[in-house]
Amino acid sequence: MARLVLLSEGLTGQTYDLKAEKTTVGRLPDNAFQIPEPSVSSHHCEITLRGSDLYVRDLDSTNGTFINGERIKEGIVKPGQILRLGMVDMRLETGDAQPIAQKKLLEQTRVIPKGVKLDDLVGTQPLDLTKTGFEKKSNRATKWFIAAAIVVGVVLIALLIWVLIKPNSA
């Protein structure tokens with residue numbers, strides 16, 4: 001039996017068995033398959049089951065209907081393909097053996113060892129632990145700032161003394 005398996009966060013693992021020939025999908029409860037998610041339109045799309053394929057027709061939804069990332073008005077979803085309504089992803093499963101695309105992915109999977117032995121690192125440069133990026137920065141700018149502050153302070157004190165002495169001499 002064909003079914004849609006929801007893949008999006010918050011809905012992951014929920015399924016809908018496609019029993020009827022025609023199924024309406026949308027956010028409102030009057031749809032055969034209700035998806036209470038804001039990015040899904042009130043009446044988002046209509047799904048017709050034809051053998052193991054699904055014929056999908058978008059019902060002028062706001063956020064669109066996509067098959068494997070491509071926006072469609074009408075299209076066919078084959079087993080293993082991803083149907084997206086708004087921001088909700090779902091996969092068509094038929095109960096048959098794994099889809100061909102998934103089998104190919106599994107054949108390409110490689111086992112990655114958990115660790116690397118030191119002997120496996122032949123030809124790499126030795127690690128320099130003296131440079132970590134947290135070395136003490138130069139104090140050159142601080143020294144210039146302090147020198148400038150002292151000069152400005154001396155000039156201000158000299159001006160203050162000159163202002164205080166000048167009226168007395170007049």
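**Reading a predicted model, residue by residue**

Me: Which word applies to Asp-60, buried or exposed?

Reply: The idea rests on relative accessible area: under 20% is buried, over 50% is exposed, and a value in between is partly exposed (1.4 Å probe, protein chains only). Asp-60 has 64% relative accessible area and is therefore exposed. This is a predicted model, in which local features need pLDDT of at least 70 and side-chain atom pairs count only at pLDDT 80 or more, while totals for chains, interfaces and linings use all residues. Residues are numbered from 1 along each chain as its sequence is written, and side-chain values use heavy atoms, with hydrogens and water left out.

Me: Where does Asp-60 lie in the chain?

Reply: Helices (H or I, at least four residues) and strands (E, at least two) are DSSP runs, numbered from the N terminus. Asp-60 belongs to the loop between β6 and β7.

Me: What is the phi of Asp-60?

Reply: The phi of Asp-60 is near 55°, a positive value in a residue other than glycine. Asn-68 is also not a glycine, and its phi is positive at about 50°. The loop that holds Asn-68 runs between β7 and β8. With a relative accessibility of 48%, Asn-68 is partly exposed.

Me: How many salt bridges are found in the whole structure?

Reply: A salt bridge is a side-chain nitrogen of Lys or Arg within 4 Å of a carboxyl oxygen of Asp or Glu. The search of the whole structure gives six of them. One of these joins Lys-73 to Asp-58, with 3.8 Å between the closest N and O atoms.

Me: Which parts of the chain does the pair of Lys-73 and Asp-58 tie together?

Reply: Lys-73 sits in the loop between β8 (70-72) and β9 (74-77), and Asp-58 sits in strand β6 (residues 53-58), so the pair ties together parts that are 15 residues apart in sequence. Lys-73 is partly exposed, at 47% relative accessible area, whereas Asp-58 is buried, at 8%.

Me: How far apart are N and O in the salt bridge of Lys-73 and Asp-60?

Reply: In the salt bridge between the side chains of Lys-73 and Asp-60, N and O are 2.6 Å apart. This pair links distant parts of the chain, 13 residues apart: the loop between β8 and β9 provides Lys-73, and the loop between β6 and β7 (65-67) provides Asp-60.

Me: With which residue does Arg-91 form a salt bridge, and what is the distance between the closest N and O atoms?

Reply: The partner is Glu-93, and the closest N and O atoms of Arg-91 and Glu-93 are 2.9 Å apart. Through salt bridges that share partners, Arg-3, Arg-91 and Glu-93 are joined into one network. Glu-93 is partly exposed, at 22% relative accessibility.

Me: How many residues has the largest nonpolar core?

Reply: A nonpolar core is a set of buried Ala, Val, Leu, Ile, Met, Phe, Trp, Tyr and Cys residues joined through side-chain atoms within 4.5 Å. The largest one here has 22 residues, and Ile-35 and Met-90 have the most contacts inside it. At least two residues of this core come from each of β1 (3-6), β5 (45-50), β6, β10 (82-85) and β11 (88-93). Strand β11 gives the largest share, three residues.

Me: Which residues is Met-90 in contact with, leaving aside its neighbours within four places in sequence?

Reply: Contact means heavy atoms within 4.5 Å. With those neighbours left aside, the partners of Met-90 are Leu-4, Val-5, Leu-6, Leu-7, Phe-33, Ile-35, Gln-81, Ile-82, Leu-83 and Leu-85.

Me: Is Ser-61 buried or exposed?

Reply: Ser-61 is buried, at 8% relative accessibility. Its place is the loop between β6 and β7. Beyond neighbours within four places in sequence, Ser-61 is in contact with Ser-41, His-44 and Arg-71.

Me: Where is Ser-41?

Reply: Ser-41 is in the loop between β4 (33-34) and β5. A relative accessibility of 10% makes Ser-41 buried. Apart from neighbours within four places in sequence, Ser-41 is in contact with Gly-26, Arg-27, Ser-61, Thr-62 and Asn-63.

Me: How far apart are Ser-41 and Gly-86, in sequence and in space?

Reply: In sequence, 45 residues separate Ser-41 and Gly-86; in space, the two are 7.7 Å apart from C-alpha to C-alpha.
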